[in-house]
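Have the viewer open and follow along.

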Amino acid sequence: MAVTQPLLELRGVSKHFHGGGIFKQGRKVQANKQITLSLAARECLGLVGESGSGKSTLGRIILGIEKPDCGEVLFQGVNLYGKDKTAIREVRRDLQVVFQDCFSSVNPRRTAGASIAEPLNNFARLNLRDELRVVGELLELVGLKAEDASKYPHQFSGGQLQRVCIARAISLRPKLIVLDEAVSSLDVLVQAQILDLLSDLRDELNMSYIFISHDLAAVAHLADRLAVMCLGEVVERLDNIDDINCLTHPVSKALLAAVLPAQPVGSSS
Ligand SMILES: Nc1ncnc2c1ncn2[C@@H]1O[C@H](COP(=O)(O)OP(=O)(O)O)[C@@H](O)[C@H]1O
Ligand SMILES: [Mg+2]
């Protein structure tokens, strides 16, 4: 029987930074330490941990934009830091990202349509009519209107602009999207809407996600599996998100405690 190759595989990935300081003698920061993990097609892995635990660094390594000190990152079997630049460019279009701060991820002087069309034009030259049609379809797919293509970033709410960023990320029909705190700056109601959208899009477009967040509740909404990070290491893994209450590591427990239901409105203390 043929063994199915994982979509993404990390083998012993480590990365350190120098802490900086004006004399460049700052302490060494081990942002990622011997990380090994894999992701299957159509799977969502939640990557949680406190601020500074190395989640975003790992996200950038997975995206092929932050070279690890050692270890391998294989995406669709291609080593993202290997020598075969043609193969790397080919698979890179299947890898996209959505960041927390959608306002700084788009150019304020470009319309939503122009931002969404950017990845499309990087890989395939479209004529203006096709571009307008594809951008309109993408906007509708993320719950906006085709006419919104002519609006500028400041004319959208935070949630709407995050939808624009999602439309841009899915424009090339990627196989994997790294969502780095993609809903963290949104208020709870909008957060839930965007999480539902991401869940629907994943089914519709057969995508996988690496969902990075410090918010376990948001992760539980979307992820199938979980990896908890602390000081650059994966300290706990959960193969079934339904077992979330069985987490045992102190960091996991602290993250769990942070999402316990808040006091009901109107209850006085
Ligand atoms: N470019 C960089 N230069 C120096 N230190 C960095 C750099 N990027 C990240 N770090 C450090 O690496 C650690 C992990 O950071 P990060 O991956 O952003 O964590 P998280 O996303 O979990 O908050 C932190 O201590 C951070 O200060
Ligand atoms: Mg981060």
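A polar contact here is a pair of N or O atoms within 3.5 Å; within protein, one must be able to donate a hydrogen and the other to accept it, and residues adjacent in sequence count only if both atoms are side-chain atoms. Before using that, some bookkeeping: this is a predicted model, where local features need pLDDT of at least 70, side-chain atom pairs count only at pLDDT 80 or more, and totals for chains, interfaces and linings use all residues. Residues are numbered from 1 along each chain as its sequence is written, chains are lettered from A and ligands numbered from 1 in the order in which they are written, and side-chain values use heavy atoms, with hydrogens and water left out.

Start at ligand 1. An N or O atom in the side chain of K55 sits 2.8 Å from one of the ligand's oxygen atoms. For the side chain of T57, the distance from an N or O atom to a ligand oxygen is 2.5 Å, while a polar backbone atom of G54 is 3.1 Å from an oxygen of ligand 1. On its own the ligand exposes 560 Å², and the protein buries 63% of that (areas by the Shrake-Rupley method with a 1.4 Å probe; for residues, only the protein chains shown count as cover).

Zooming out, 13 residues surround ligand 1, with G52, G54, K55, S56 and T57 the closest (the shell takes residues with a heavy atom within 4 Å). Helix α1 supplies the largest share of that shell, 4 residues. Helices (H or I, at least four residues) and strands (E, at least two) are DSSP runs, numbered from the N terminus.

The largest nonpolar core has 54 residues, and I166, I170, L179, L201, Y209, F211 and L226 have the most contacts inside it. Such a core is a set of buried Ala, Val, Leu, Ile, Met, Phe, Trp, Tyr and Cys residues joined through side-chain atoms within 4.5 Å, and buried means under 20% relative accessible area, exposed over 50%, partly exposed in between (1.4 Å probe, protein chains only). Helix α6, residues 158-170, gives the most to this core, with 7 residues.

Leaving out residues up to four places away in sequence, L179 touches V98, L198, Y209, I210, F211, I212 and L222, a contact being heavy atoms within 4.5 Å. V98 belongs to strand β6 (residues 95-99) and is buried, at 3% relative accessible area.
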